[in-house]
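The entries follow in the order I looked things up.

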Amino acid sequence: MKVSIKWLSKYVDIKDISAQVIADTLTNAGIEVESVDALASGSDLVVGHVLSCDKHPDSDHLSVTTVDVGNEMLNIVCGAPNVAKGQKVIVAKVGCVLPEITIKEASIKGQVSKGMICSLTELGVDKKHLKDDQINGIEILDQDAPIGVEALSYTGLDDVILDVKPTPNRADIQAIWSLALEVGALLNREVILPWEKDLHLKGSKSSLHVDSLTKKCPIILGKRFGSLNVKESPKWLADALHAVGMKSINNVVDISNYVMLETGQPLHFYDASKLVKQEIVVADHVQKDFETLDGTIITPHEDDLIITCNETPIGLAGIMGGEDSKIDESTTSIIIEAAQFNPSSIRHSSRRVNLMTEASLRFQKGLDPQAALKAMDRCVSLLEEFADAKDIEETQMVGDLSYPEKWVSVTHQHIEDLLGQKVDSNVVLDIFERLHFTPRVDQTTYSCSIPSYRLDIFVAEDLIEEVGRILGYEQLPNSLPLLPATQGGYNAKQIMRNQVH
């Protein structure tokens, strides 16, 4: 999972800690970070304004430009086909060190060039994250970009990306919120999540019908937004998705992806006006073919979970939505679906149709039982603020969304015996509090209330492992196990077998 340090720092204050230290801390605590990579790099990059752009007198494909970079005017020869007068661009000044070259003053076919107008690929941005015009030409910035400012910071490319590989038992790390809580616990930093609880309850009486006709979908939520505006995403939202490898599409679709990455709960947004009925029903044994958003024609297997409307497929549950109900520029009302699906069912369907999506990967590993509610709350907040959402209807729910408190206890003696060292009781209590386990102490026994997102905590030994992780495994003493000294020899059964032989 790709994790943006800038995104993570919205929830926990890590500005004074390097990305490498965070990566090492997570890895030492059992959450492997496979790589630490800058999103883009360049030592002296500024925003420039192209004042003039003329054809090179001795070349058909080169242009000679004059660029204002704030404190000076630079003559730059540029070979990009899309460079033009009046643009705001990214300029690498003489001496700038880029991933593959260092910029020097040069004479190009008789014209002096004192810098370079850059494309994002020249800054080291992966091509798979870019549109064709960004790959084939220079990056053109907004007209309000301030001349002379540091370009990486302005474009949001001054970020470092961690490639985190959660272990199978830590499905919660698929959510950036949960990873923030983990980082906060390890570094003893306060974590503030932008979760406004119970916003999903907001809304007027709804005519939306939501149902599940299969045991493989125990929980499903639906919510209708009668009015909203589809438009370009705000820059911070597009930058956040771009940093973790997702292309920005529009504000509404981007919010669905952003909330999935935050909470770990995959969502799907349907254009309400494109549905023949205001309903979403999950079913299996569906036999009608349909087309997914990527153009794949799906012939459902009887075990596949299908999202239907009026008994017609509108999505392959947990994997990808249908083409007929997608969000586009004409969308004015939507229906949000958030559900819990059987992990093995999603795994089998995903493999069968050869569609491995961010959503399917999360369903396969298991979700926080409360994630659907968290995601719906967050969607209401973001859609109201950034999509002008109005005429919101009450959330329709199927299934038991209550989360029974789970308590796990451990004695102090058990902790010390298993870790092989003395641990102060106040330290143990502090660790459980940092993990948001709300511990209760009865003499030498700690009773912990396990948050819904920690699906890996069941027994006392799990709590002891948490103490060891937060203390730091490197702090634990190395010792050989104590074994009783015994005299070697055959037992009675072995003696009899040898006699028979």
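**Entry 1, whole protein.** I noted at the start that this is a predicted model. I counted 14 helices and 26 strands in the protein. I looked up the extent of the C-alpha trace and found about 100 × 60 × 60 Å along the principal axes. Of the 501 residues, 52% are buried. The accessible surface comes to about 24200 Å², and carbon and sulfur atoms hold 50% of that. Among contacts with a separation of 6 or more, I found that 72% join residues 24 or more positions apart. I also checked the charges: there are 47 positive and 73 negative ones, and their mean positions lie 2 Å apart.

**Entry 2, a sheet.** I traced an open sheet of three strands, ordered β1-β11-β2, with antiparallel pairing. I then followed β1 to β11 (residues 160-165) and found three bridges in the antiparallel sense. V3 stands opposite L162 of β11.

I located N28 in helix α2 (residues 19-28). Is N28 buried or partly exposed? Its relative accessible area is 46%, so I logged N28 as partly exposed. Leaving out residues up to four places away in sequence, N28 touches Y473 and E474. I also looked up P218, which is 190 residues from N28 in sequence and 37 Å from N28 in space, C-alpha to C-alpha.

Notes. Residues are numbered from 1 along each chain as its sequence is written. This is a predicted model: local features need pLDDT of at least 70, side-chain atom pairs count only at pLDDT 80 or more; totals for chains, interfaces and linings use all residues. Side-chain values use heavy atoms; hydrogens and water are left out. Two strands pair if DSSP finds at least two bridges between them. Helices (H or I, at least four residues) and strands (E, at least two) are DSSP runs, numbered from the N terminus. Buried means under 20% relative accessible area, exposed over 50%, partly exposed in between (1.4 Å probe, protein chains only). Contact means heavy atoms within 4.5 Å. Accessible areas come from the Shrake-Rupley method with a 1.4 Å probe; for residues, only the protein chains shown count as cover. Lys and Arg count as positive and Asp and Glu as negative; His and the chain ends are not counted. The place of a charge is taken as NZ of Lys, CZ of Arg, CG of Asp or CD of Glu.
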